[in-house]
Amino acid sequence: MKQGFLVVRKSYGGDITFRVETVQQDEAIIKGTDYRLIADSPLHDLVRVPESTIKRRTRQAHIKMLQSVEALEEKNKRQQAEISMADPVHSSAYFEMPGKVLHLDGDPNYLQKSLAIYRQLRVPAEGHYVSEANMADALYRLLPVVQPDIVVLTGHDGVLKQRKQRDLYNLQSYKNSQNFVNAVHIARQFERHLDLMTIVAGACQSHFEALLQAGANFASSPARIMIHALDPVYVAVRASYTSVKDTVKIGEISPHTMSGIDGVGGIETRGSYRIGMPKWKDLSTLKVTPSVI
């Protein structure tokens, strides 16, 4: 077994595909290729899988994401059509302002996948690879500079298997939920209004209730399940493209995420999408007479 191998765990029925990060004696640190999960495993429990298997599973996940993207784009088209019908004379003069996203991710690979989705959907986004333990400090520095409409805090989490008495109400039973909670607290010190800055927080098996109580609008994981790497991204995109006149309804989001309502939940939150006019002009074509000496 070597670093970079694609593997599944026999004891879990091969449900999730991992990539081997490091190998130390008889154990390996493995990281989910599509799910936000990092774990250790004895080498005898790992079975190598061919590239074709991971490509098939990744393709299935991408199909689900593309379906979600198409549904969101269709919603935006209907929204633009409604604007045109309401004001056919000036409809072509409008421009769009989707909500701006600040995305902090504890995994550099997932961050790049997330930023690719934002670019595909034309969502203004800034991303930073930050370890979960350092997210609170990073937000303290970044929030006044970036001034985002939406903050995404994600990476790796999970219920710790070493604890003899696993109390799911206790933050100490989780790998990084306390770090996410700390980061949410800092974000809410910067902006207390739930509709002026939307916070999406958590990863696999995160303490859903604690994150909402700290001030997150949307969080994982209500049923303490593994969530897909791009589920927080889809929630952020939906918030970015939902009008400020409407609310982001979690019941409409969950069918389009890989993990569903057991993976991501939240509270009714106003969207961040705005329209303006007139439409921005191509400044290179303007013939402007200077007015200042």
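I took buried to mean under 20% relative accessible area, and I kept in mind throughout that this is a predicted model.

**Strands 3 and 4.** I then asked which way strand 4 runs relative to strand 3, residues 27-32, and found the two antiparallel, joined by five bridges. Across this pairing K31 stands opposite I38 of strand 4, and I noted that the two strands form a hairpin, with five residues lying between them.

**Helix 4.** I turned next to helix 4, which covers residues 177-190 and counts 14 residues; from its first C-alpha to its last it reaches 20 Å, close to the 20 Å expected at 1.5 Å a residue. Going through its residues for burial, I listed S177, N179, F180, V181, A183, V184, I186, A187 and R188 as buried. What do the buried residues of helix 4 pack against? I found helix 3 (135-146) and helix 5 (208-214) there, together with strand 9 (150-154) and strand 10 (198-201).

**The whole chain.** I recorded seven helices and 15 strands in the chain, and of its 293 residues 48% count as buried. The accessible surface of the chain comes to about 15400 Å², and 53% of that belongs to carbon and sulfur atoms. Finally, among the contacts in the chain with a separation of 6 or more, I noted that 63% are accounted for by residues 24 or more positions apart.

Methods. Residues are numbered from 1 along each chain as its sequence is written. This is a predicted model: local features need pLDDT of at least 70, side-chain atom pairs count only at pLDDT 80 or more; totals for chains, interfaces and linings use all residues. Side-chain values use heavy atoms; hydrogens and water are left out. Helices (H or I, at least four residues) and strands (E, at least two) are DSSP runs, numbered from the N terminus. Buried means under 20% relative accessible area, exposed over 50%, partly exposed in between (1.4 Å probe, protein chains only). Contact means heavy atoms within 4.5 Å. Accessible areas come from the Shrake-Rupley method with a 1.4 Å probe; for residues, only the protein chains shown count as cover. The expected span of a helix is 1.5 Å times one less than its number of residues. Two strands pair if DSSP finds at least two bridges between them.
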